[in-house]
Amino acid sequence: MFHSHSLKINGESIQTGFEGAALQLIRNQLGLTASRYGCGQEQCGACHVLIDGQSKPSCQLTVDTLVGRSVVTLESAQNPELPTTPYLKALQAAFIDEQAAQCGYCTSGLLISATALLMSAHETVSDLQIREALEPHLCRCGTHNRVFRAVKKTALQCGLKLTPSEVSA
């Protein structure tokens, strides 16, 4: 039986009859290839997208779980109407400045989770909050400290105050 799903992805409404994993829809059907297939078990962070403002893995979510929700991928940075755009653009610039992206496989997921953190922060963000937001992401290139510095730099640019915690870079 054919089911049609009404979805909102990157601020645009779409209709699809696709059944399967959300990541497959996003990458293979819509051509939004920034989110990557890594482990397929929600363990590496490469497939993260924003769902209603929260960073979530998309590799095992089914398309029907996205109905009525707002989905944002890294490609949304091209849409100036979305509230995520200023954060994504600032984070992208900071990642370049800090040389935080090496091979780039994990970068989309890291940017998505950092965006969720900065958008939900209320005036301050701590080192520990940054580390917790980035914890689900595996980076085989070992750029964790650079990513951490890039997120801190962006937090300051976005007008947030940094609260140090016991753990720092």
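This is a predicted model: local features need pLDDT of at least 70, side-chain atom pairs count only at pLDDT 80 or more; totals for chains, interfaces and linings use all residues.
**A tour of the domain interface**

Residues are numbered from 1 along each chain as its sequence is written, and side-chain values use heavy atoms, leaving out hydrogens and water.

Now colour 5-73 as domain 1 and 78-162 as domain 2; these bounds come from an automatic or database domain assignment. Their C-alpha centres sit 20 Å apart. The contact (heavy atoms within 4.5 Å) draws 19 residues from domain 1 and 15 residues from domain 2.

Next, pick Arg36, His48 and Leu50: this trio supplies 32% of the area domain 1 buries against domain 2, more than any other three residues.

Looking for salt bridges (a Lys or Arg side-chain nitrogen within 4 Å of an Asp or Glu carboxyl oxygen)? The count between the domains is zero.

Show the strands β3 (48-51) and β4 (54-57), the elements giving two or more residues to the side of domain 1 that touches domain 2. β3 gives the most, three residues. Strands here are DSSP runs of E, at least two residues, and helices are runs of H or I, at least four, numbered from the N terminus.

Last stop: helix α3, residues 107-120. Of its 14 residues, 12 are buried (under 20% relative accessible area, 1.4 Å probe, protein chains only), including Leu110, Leu111 and Ile112.

Definitions and conventions. The expected span of a helix is 1.5 Å times one less than its number of residues. Buried means under 20% relative accessible area, exposed over 50%, partly exposed in between (1.4 Å probe, protein chains only). Buried area is the accessible area (1.4 Å probe) that two parts lose on being put together, summed over both.
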